[in-house]
Amino acid sequence: MEKKKKLEILLAVTDAFLRRGRYIQYDQRSMDRVLELTPRRRKYLPPESANSQYTQFLDCSGYTTALYLQAFDYLLPADLTWHMVDQLEPRIYYYERTHQETSEDFDRIEAEVRAVLQPGDLVTYQRQVGSGHIVMYLGDDRITDCSPPRKKPNSYDYQEGHNNFYDNGGLWVKPVSRLFVREDTEEAGRALYADNIVRFSVSRPLDIVGEPTANAIARATTARDLWCAVENSTPGLRQAVPGGEVEYRVIVRNCSEEERPLDITFRAPAGSVLAEAEDCPMTIAGCGEVQVTFRVRVDRSNTAPYLDGPAVTVNGLEIYAHRVLLGSAMTAAQWETVQRVTAAGLAEGMTALAAASKAYAQLGVTVEPLEKKYVYTHFFLHDSTKGDVLSRWPQEPRRDLAVYSAFGGRAVITPEMGSMPVGPRTTYFDRADLLPGDVLLCWEDCLGAGAFSVFYDGESLTGRFGAEESCTSLTGNELDAFIEGLFARHAFLLLRPAQAL
């Protein structure tokens with residue numbers, strides 16, 4: 001395929017990412033503070049994975065990698081910007097700073113870079129501290145990158161323990177002149193001439209990529225200018241039950257002013273059957289939106305921890321659909337027992353975990369009552385250059401009673417980090433993701449010191465919010481702030497014993 005056509009396809013993929021708006025956020029660490037790997041794993045996800053139910057997190061290298069990966073199934077040969085300066089090919093320009101450059105030198109360098117830049121090129125630079133930045137040149141004197149607004153922290157503020165999402169998201173289109181800022185302004189820190197920049201390069205992967213993917217071709221042709229998403233009735237940590245139903249909404253928005261034909265296909269996930277479907281609209285108005293609903297019934301015999309996403313296409317474009325957690329649901333009588341016995345145990349001075357253990361025992365579910373023990377049964381300890389790290393053992397929700405993927409904290413990583421493109425990691429959740437009967441466990445170090453637990457009854461969290469504190473309850477804004485601050489703690493785990501019923 002000629003280069004001009006490849007560029008058209010790359011830019012169509014870029015547009016698809018940019019249109020996700022606030023559903024894609026910048027986060028260099030994304031809740032994996034110790035090894036800082038999550039955003040670079042998210043590069044494997046297509047733009048359609050980001051929607052109103054699932055915020056996606058990327059950093060600059062993850063974003064540029066995602067563009068080439070989604071367009072050509074081409075994986076850039078490095079993840080980290082300070083490696084990309086050397087390893088991105090073909091490298092067509094390179095400059096190493098002397099930090100004695102004159103104004104005339106900067107004029108010359110800018111002229112040289114502008115002279116070689118072609119659409120699709122990647123401009124990469126390295127800072128003294130071992131970090132860096134990377135942007136893609138779009139043509140017409142514009143670049144695109146993934147970065148936070150100036151002087152703001154990453155999407156999660158670990159010191160304050162709260163989310164810090166940006167209204168416009170983390171993806172940007174800016175003038176190429178931003179690369180050549182010399183003055184001491186807010187933009188100077190991201191310019192090639194900043195004092196802390198030691199070297200930079202321009203590379204041209206578009207010259208060596210292979211043929212575009214089928215999805216990329218669809219984005220540039222049959223699905224061009226269409227914003228698509230698949231949302232479901234049980235997002236996040238909420239769950240469906242075997243024998244129950246899940247509703248999927250296929251959402252399509254037309255970003256052009258012209259009426260377009262639509263061809264939507266839907267295939268139910270394995271372990272379920274299609275129960276009901278709406279008629280698919282055959283056209284979508286200019287600047288219009290349509291939503292088509294499909295309802296599936298989960299097999300009663302399905303004992304998997306989750307239901308994979310359905311296979312959905314819109315005008316030949318495969319639309320990513322997130323998995324749905326599966327689990328058991330308590331009857332009204334069972335919940336009355338759990339609530340009553342747990343409340344009585346808390347009143348007697350028991351920890352929330354011990355009280356819940358006593359309650360669930362009456363339903364035939366064995367819950368380990370010792371808070372500290374969950375460090376050893378659900379995580380294993382290993383060393384890191386940045387301190388001790390807890391890794392999650394492979395998960396078996398029906399047996400270990402922990403909500404699939406609901407764990408984290410400053411010192412926690414997943415065993416899938418090095419081997420899985422997209423692991424089952426939860427990057428944040430809120431009150432709506434909790435179910436009555438859930439228990440939250442927290443630790444203050446990798447040996448389980450400072451362990452405490454709290455119980456959720458559908459309205460409040462009750463327990464000791466610290467190993468030495470007395471039993472209290474949190475509701476409303478205080479409850480929300482506690483949940484939001486979980487990822488700033490050393491480690492936490494969400495238990496859902498009802499999964500074993």
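Predicted model: local features only at pLDDT ≥ 70, side-chain atom pairs only at ≥ 80, totals over all residues.

Visitor: Which residue of strand 20 stands opposite F266?

Guide: Strand 15 and strand 20 (residues 311–314) are paired in the antiparallel sense, over four bridges. The residue of strand 20 that stands opposite F266 is V312.

Visitor: Which strands stand at the edges of the open sheet of four strands?

Guide: The four-stranded open sheet has antiparallel pairing and the order 11-13-18-16. Each edge strand has a single partner strand, so one side of each is left without a neighbour in the sheet. The strands in that position are strand 11 (226–232) and strand 16 (272–277).

Visitor: What is the bridge partner of E247 in strand 18?

Guide: Strand 13 (residues 245–254) runs antiparallel to strand 18, and nine bridges join the two. Among the pairs across these strands, E247 has as its bridge partner R295.

Visitor: And which residue in strand 18 is the bridge partner of V273?

Guide: Strand 16 and strand 18 (residues 289–298) run antiparallel and are joined by five bridges. One of the pairs brings A277 together with F294 of strand 18. For V273, the bridge partner is R297.

Visitor: Turning to the helices, how are helix 1 and helix 3 oriented to each other?

Guide: Two packed helices are described by the angle between their axes and the distance between those axes. Helix 1 (residues 3–18) packs on helix 3 (residues 60–72) at about 125°, and the axes are 9 Å apart. This angle falls between the perpendicular range, which ends at 115, and the antiparallel range, which covers values over 145. The two helices are therefore oblique.

Visitor: How do the residues of the contact of helix 1 with helix 3 divide into nonpolar, polar and charged?

Guide: The crossing of helix 1 and helix 3 is right-handed. Helix 1 contributes K6, I9, L10, V13, T14, F17 and L18, while helix 3 contributes Y63, A66, L67, Y68, Q70, A71 and F72. The residues of this contact divide into eleven nonpolar, two polar and one charged.

How values were computed. Residues numbered from 1 in each chain as written. Heavy atoms only, no water. Axes fitted to C-alpha atoms, helices over the stretch in contact; angles between N-to-C directions. Parallel < 35°, antiparallel > 145°, perpendicular 65-115°, else oblique. Left-handed = near helix turned anticlockwise from the far one by under 90°. Contact = heavy atoms within 4.5 Å. Nonpolar A, V, L, I, M, F, W, Y, C, P; charged D, E, K, R; others polar. Pairing = 2+ DSSP bridges.
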